[in-house]
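Thanks, everyone; I would like to take a few minutes to walk through one structure. Please have the sequence and the model open while I talk.

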Amino acid sequence: MGTYILRRILQMIPVVIGTTFLIYWMVFSLGDPTVGRCGERPCPESYVARLHEEYNLDKSLPEQYVRYMGKVLQGDLGTSFNGNAVIDQLATRWPVTIRLAVIAIIFEAVIGIAAGLLAGLRRRSFWDTLVFVTTLVIISIPSFVLGSVAQMVFGVRLGWFPVTATQGTWQQLLLPGLVLGSLSMAYVARLTRNSLSENLSADYVRTARAKGMSAGRVVGVHTFRNSLIPVVTFIGADFGALMGGAIVTERIFNIPGIGGYIYHSINTKDATAVVGTITLLVLVFLVMNLIVDLLYGALDPRIAHD
Amino acid sequence: MRTLAKQNSTIVEPTGMDNWSPDHGHLLDVRNLNVEFRTRDGVAHAINGASFHLDRGESLAILGESGSGKSVTAQAIMGILDTPPGYVTGGEVFFRGVDLLKLPEDQRRRVRGQRIAMIFQDALSALNPVFTVGWQIAEMFRIHKGMNKSDAHSAAIKLMERVNIPAAAQRAGNFPHQFSGGMRQRVMIAMSIALDPEILIADEPTTALDVTVQAQIMELLKELQAETGMGLILITHDLGVVADVADRINVMYAGRIVESAGSRELYARPAHPYTEGLLDSIPRLDQTTGELSAIGGLPPNLTRIPAGCSFNPRCKYARDICRVDPEPPLVELGGGRSSACHFTHELLAGRLAPVAVLAENAVADPVPAAEEGINE
């Protein structure tokens, strides 16, 4: 197990280098990042020269990248063009994004698995059809439509939820979290339903019945865990993705999270902020993937981590 | 889990079974069993009036091709048919004088696993992949006997020793995929005999194993049966497996029992053309011609079983009477034999000659591949 984790971490190194280099190249080297910094007018010579100096823009691309990564390794993600340290921005914004992700994940896991169980246990029943149709509707609606409609109906008209989430508190993030989790919730419901109904006709379930186990135990103990293996994998990977912020949802509800920050930074051509944030996102995503794989091994003993 | 165990122990034992004694009749008496599968392609008549019985300490083999209804028979006795699509539409299954088909589910569950146990063909898929084998065996003691975890675990290890699994104490913590095929089947057997059942149904227990291991598993089943005096129902298509172990053989075809006889008698002189065909299809070293003989054609499509004798499209003796209803009844021939063929006496006397020109279209209605799954 220990060697497995170590090996996985070592494998991450080339992935991190590859992805960050690509991002760095796209942001800093495809066009001059100093262009357009000063609105309609060209920037003063001295300002451009200072930026070139600070970001080593006159050096070769590999050298620029190595110098940048050297600073990143010391915990310095750089200073964005408006003078704020990127790391400070992330420190205030990440908790908001995590809160949003947690709400979305809880919603998709609890409601999704429950709906999937309901449909999977009563195949071709009213409930199965209801879950099928509901999830189809959710999957078909783009998230910006769902978000705007939810904001309009539940926030503005009915007043059940705050319309925006400018402070990023749990209470404010509830409605955005539900909107954000709804698409994955639909997938989780379908995945659970199919996985369960497939496992219910497995040979070992027939064995459990032949052993004289009660119907509840046959489903709850013998089928449930097997059925959850793909579902847990999906939810874990989704959590990794949600940690990177949700650009659309954060825009709609005006949430001060990572997604909004990336959006803003791209819009203002803030190269340091974009590269710094995405470098960290890559790391988070890789770590989440590792955790999912470890969890997968814990659920399914046939997967050996050694 | 604890509440489930509690629920389990509060269930009333089925009444009437304990007053039963062998004088009252057979331990297991299946009468006129009918099972059908309602599928999109129509109703498949998987079992059509099968009747047989089993006594204590007896070994009964149910022999037949894929789709003959032998596995479905076992599942109907156990009460583990997948419903839908499978339905028992008629007949009785008397166990210790009580009709299992009329028992409510919670009482029937007390019979399942405890009094009638079953092992399956492919132990790898029949064992739960996410629990250790020790856990799966111990579950029998925990749920049915209310034992605590450690007692149940040591009981499970004893059982594993009893079925000759080496280093049982260590191996109890392994998962099914960590065992060889033969050892896995031993685990299945250990699990099935955990509560000293009176009947053990073995559904193709050796089909997935290689030949040397097959012999070991059959030997183990024989030993356990001799030790415990349980009745054994051996479901197989392998005539070689049956010869050694079974006292009596029921041959099934298209959901009916077409011949029932002691295994010696059946091997010596088949009383049904289908049995004869099965025996002839065993490859032999002393065969003079180079070709292997096989029964032509395929088992009938169970949604459209031919009129008359269901075997008639493949039977080399088939006459006009065989092609019209009613189908030949299973008649007693004396000496514990019975056969469902219009010409059984002639066949036994060796006076039955094949009809010279066999219809070219012997394949009446081949079973589509999809349907075989249901019947197995």
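Let me begin with a definition, since I will be speaking of residues that touch: two residues are in contact if their C-beta atoms, placed from the backbone, lie within 7 Å. Please also keep in mind that what you see is a predicted model.

With that in hand, I will start at a glycine in chain B. Gly79(B) touches Leu100(B), Arg108(B) and Arg112(B), leaving aside residues up to four places away in sequence. Is Gly79(B) buried or exposed? The cut-off for calling a residue buried is 20 or more other C-beta atoms within 10 Å of its own, and Gly79(B) has 21 within that distance, so it counts as buried.

Gly79(B) follows helix α2 of chain B and has a positive phi, near 75 degrees, and its place is in the loop between α2 and β4, the latter covering residues 86-95 of chain B.

Turning now to the strands of chain B, four of them form an open sheet in the order β2-β1-β4-β5, with antiparallel pairing. The edges of this sheet are β2 (42-54) and β5 (98-99) of chain B, each of which pairs on one side only. Between β1(B), residues 28-39, and β2(B) there are 10 bridges, the two strands running antiparallel, and within β2(B) it is Ile47(B) that stands opposite Val35(B).

Further along chain B we come to strand β10, residues 256-262, of which six of the seven residues are buried, so the strand is largely enclosed by the rest of the structure. How many bridges join β9(B) to β10(B)? There are six, and the strands, β9(B) being residues 248-253, run antiparallel; in this pairing Ile249(B) has Ala261(B) as its bridge partner. The two strands form a hairpin with two residues between them, and in the turn Ala254(B) has a positive phi of about 50 degrees. β10(B) also pairs with β12(B), residues 337-339, in the antiparallel sense over two bridges, where Ser260(B) stands opposite Ser338(B).

Let me move to chain A, which is divided into domain 1 (2-73) and domain 2 (87-299). The C-alpha centres of these two domains of chain A lie 32 Å apart, and 13 residues of domain 1 are in contact with 10 residues of domain 2. On the domain 1 side, helix α1(A), residues 2-29, gives the most, with 10 residues, and the residues of that side divide into nine nonpolar, three polar and one charged.

Finally, where the chains meet, 20 residues of chain A are in contact with 26 residues of chain B. Which elements give two or more residues to the chain A side? They are α8 (203-210) and α9 (215-242) of chain A, and α8(A) provides the largest share, six residues. The chain A side as a whole divides into five nonpolar, seven polar and eight charged residues.

Note on methods: Residues numbered from 1 in each chain as written. Chains lettered and ligands numbered in written order. Predicted model: local features only at pLDDT ≥ 70, side-chain atom pairs only at ≥ 80, totals over all residues. Domains from an automatic or database assignment. Helix = DSSP H or I, 4+ residues; strand = E, 2+ residues; numbered from the N terminus. Nonpolar A, V, L, I, M, F, W, Y, C, P; charged D, E, K, R; others polar. Buried ≥ 20, exposed ≤ 12 C-beta atoms within 10 Å, placed from the backbone. Pairing = 2+ DSSP bridges.
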